[in-house]
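I opened this model to look at how its parts meet. My notes follow.

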6 protein chains.
Amino acid sequence: MSTVAPPSDPESNPRVKAVFDDIRATRKSDFINNMWLWLAFDPGLLERTWAEVKAVMATPSPLDPLVKEMLYIAVSVSNGCGYCIHSHTAAAKAKGMSEAEHADLLRVISLAAKTNQLATALQVPVDAAFDAAAER
Amino acid sequence: MSTVAPPSDPESNPRVKAVFDDIRATRKSDFINNMWLWLAFDPGLLERTWAEVKAVMATPSPLDPLVKEMLYIAVSVSNGCGYCIHSHTAAAKAKGMSEAEHADLLRVISLAAKTNQLATALQVPVDAAFDAAAER
Amino acid sequence: MSTVAPPSDPESNPRVKAVFDDIRATRKSDFINNMWLWLAFDPGLLERTWAEVKAVMATPSPLDPLVKEMLYIAVSVSNGCGYCIHSHTAAAKAKGMSEAEHADLLRVISLAAKTNQLATALQVPVDAAFDAAAER
Amino acid sequence: MSTVAPPSDPESNPRVKAVFDDIRATRKSDFINNMWLWLAFDPGLLERTWAEVKAVMATPSPLDPLVKEMLYIAVSVSNGCGYCIHSHTAAAKAKGMSEAEHADLLRVISLAAKTNQLATALQVPVDAAFDAAAER
Amino acid sequence: MSTVAPPSDPESNPRVKAVFDDIRATRKSDFINNMWLWLAFDPGLLERTWAEVKAVMATPSPLDPLVKEMLYIAVSVSNGCGYCIHSHTAAAKAKGMSEAEHADLLRVISLAAKTNQLATALQVPVDAAFDAAAER
Amino acid sequence: MSTVAPPSDPESNPRVKAVFDDIRATRKSDFINNMWLWLAFDPGLLERTWAEVKAVMATPSPLDPLVKEMLYIAVSVSNGCGYCIHSHTAAAKAKGMSEAEHADLLRVISLAAKTNQLATALQVPVDAAFDAAAER
């Protein structure tokens with residue numbers, strides 16, 4: 001069940017083929033997961049989305065690639081995106097996330113959701129000490 | 001503005017004092033932030049919440065302490081908890097998060113929210129390759 | 001700070017006055033809280049919203065009035081609506097919610113948010129035993 | 001489809017068996033639902049989660065057990081956790097929730113979500129009268 | 001899988017039949033989608049929900065019918081409601097939404113989710129120029 | 001209160017100045033709102049965010065500019081982003097949104113949030129007729 005039909009022969013469109021080729025080259029794998037097949041219904045949306053995912057997730061940056069995958073999982077769980085939870089958990093495992101790290105990740109994000117509820121329910125006022133603008 | 005009034009003299013309650021003493025000892029600081037003052041309206045809730053935060057966030061575990069703070073921020077932003085975003089951003093900076101890492105964190109969590117919307121809007125079916133249960 | 005300006009003399013509009021009179025009569029109080037003043041920017045929206053709130057919250061129904069207020073708080077906290085958390089916590093207290101019940105409410109809703117994260121992160125399959133349609 | 005594989009013989013681990021035995025004893029039922037089977041991938045996470053669920057949901061407290069289940073449903077619906085909605089609706093029914101109460105629950109939580117949107121869209125300022133800290 | 005069983009012969013209840021007849025007449029179609037079958041477990045809830053959906057979505061109003069469907073999709077995606085995303089995307093297509101408009105809708109809502117995260121993570125203070133109340 | 005301090009003299013950085021100049025030219029206004037001042041703490045993040053906002057929101061596309069602003073509001077309200085609600089409501093008014101259209105927008109998004117809760121609480125199965133993939 002989905003809200004658009006993915007193209008039946010996506011790589012017949014040269015713009016789609018170029019993106020898929022780059023995904024395969026970047027990941028050193030022939031596997032194109034469904035997210036990209038579905039986005040191919042609009043080549044422009046596919047191009048921009050992949051360009052951004054590649055720039056943020058597949059390019060060296062201050063944060064470690066595995067940490068970035070775990071952050072992705074944290075957001076995806078909070079937003080309840082089943083597809084994203086599955087794909088980024090698989091990616092995190094592929095980048096070396098152990099079962100113990102996975103369990104620790106779950107401990108942190110579930111505790112965060114819990115204390116978010118407490119602080120929000122109490123409407124706790126923010127301490128002046130936390131104001132970054134006051135640093136200057 | 002808040003939904004409970006914090007106790008005017010919280011440490012006159014020995015259960016509250018014991019928790020506050022432990023917070024100060026654990027953090028090596030005299031600062032007790034508002035979250036704990038407000039939770040002190042119910043000493044049992046204060047005790048259990050601190051015990052859990054200490055166990056998860058202030059105890060060595062598979063994930064690095066700074067990574068755990070960044071995951072906390074990711075969840076808190078997704079849930080829109082202003083208090084938590086402030087307190088855990090301050091904690092992450094205290095644990096060494098640089099401006100470049102902070103910007104990278106924002107890049108990852110905002111991209112995750114974006115692609116969450118795309119996968120959810122398209123209702124992309126989960127690839128069989130992502131099923132962990134099938135590994136066995 | 002708000003996104004519409006409330007009318008400066010709302011009761012000069014007879015439709016607004018009729019709603020405000022009904023709020024005062026239903027609640028046996030002269031206090032009109034800001035939600036209604038702001039909704040008065042569009043009398044039709046004000047009328048329909050008050051009619052529904054009155055029908056659900058101020059009319060006898062299978063659930064107890066205080067339970068309904070606590071459910072309202074639970075949803076408002078989950079959605080991060082500061083205004084709603086304040087107004088419905090005040091309403092719950094006015095209907096007799098004790099500090100101990102308030103703390104218990106926080107315990108339940110924060111635990112629920114926590115286990116929601118765990119079940120979602122693991123993508124736990126729903127047990128067949130939970131399917132209500134199978135009861136028939 | 002799930003992100004971890006549940007252990008194939010969970011009770012061969014004595015820590016898992018102890019938790020499952022306690023679940024069966026507490027609920028006076030042989031049924032172990034999937035949430036616990038999946039959490040068994042990490043015995044420590046299983047132990048702590050069950051201990052907390054038991055303390056909050058299966059221990060006498062200021063709120064009625066059925067009210068606590070309905071609050072759990074309210075949060076789970078707001079967070080879109082399908083598993084949790086199913087399991088806690090089944091639990092609420094087992095504790096006596098009638099169809100009329102179920103419908104009333106839906107009326108309240110859907111109205112709350114609706115007025116949350118209105119108050120948030122208008123950014124209605126919180127009335128000073130709702131400030132609990134001002135009570136003192 | 002669902003949390004209530006829809007009635008096996010819903011139209012044997014005259015209140016349900018009246019609503020279903022009105023749905024068919026309003027939409028000029030014999031198709032009754034599952035949302036209404038499931039809501040029929042409580043005829044009062046069914047009546048009120050349909051009355052409101054008809055008043056807002058199937059009655060001429062300041063906004064264009066297709067725009068209203070796209071707004072419905074935007075909210076449903078943000079809340080992760082799979083059923084609603086499917087039904088309102090189908091409705092938007094039936095009202096003429098092209099593939100290019102669909103892709104543009106996805107671009108806007110995914111960008112909004114992204115910048116929401118940035119503004120929330122930074123806790124950017126609202127500019128005084130945005131205060132509508134100051135207009136007067 | 002914010003989590004980063006905006007630069008005290010942002011336009012002394014030529015990358016920031018170039019973005020601000022483009023914002024002023026695109027909007028034909030000297031006003032730079034706080035979102036951009038705060039993002040200037042990381043010029044790269046500022047550049048990419050503005051480039052994307054300009055491409056999606058300030059460039060002709062299949063959807064009308066005012067419709068895009070209203071979609072932005074819908075998502076921002078669902079995510080509870082106060083800053084975004086304020087800035088995009090102001091933008092929608094600047095693009096001609098009338099009070100009647102604003103009220104209609106609120107009617108649609110609050111109804112959507114309401115029926116999202118109902119469909120999610122009932123876990124209504126998606127009708128086969130809504131599957132776009134089946135169209136082929």
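I began with the domain contact: seven residues of domain 1 of chain A touch seven residues of domain 2 of chain A, contact meaning heavy atoms within 4.5 Å. The model is predicted, local features need pLDDT of at least 70, side-chain atom pairs count only at pLDDT 80 or more, and totals for chains, interfaces and linings use all residues. Residues are numbered from 1 along each chain as its sequence is written, chains are lettered from A and ligands numbered from 1 in the order written, and side-chain values use heavy atoms, without hydrogens and water.

I checked the bounds next. Domain 1 of chain A runs 11-59 and domain 2 runs 60-123, as set by an automatic or database domain assignment. Their C-alpha centres are 24 Å apart.

I then looked up the buried area (accessible area, 1.4 Å probe, that two parts lose on being put together, summed over both). Between the two domains of chain A it is about 610 Å², with 59% from carbon and sulfur atoms. On the domain 1 side, A:Met35, A:Met57 and A:Thr59 lose the most area, together 75% of what that side buries.

By class, the domain 1 side that touches domain 2 of chain A has four nonpolar, three polar and no charged residues. Here Ala, Val, Leu, Ile, Met, Phe, Trp, Tyr, Cys and Pro count as nonpolar, Asp, Glu, Lys and Arg as charged, and the others, Gly among them, as polar.
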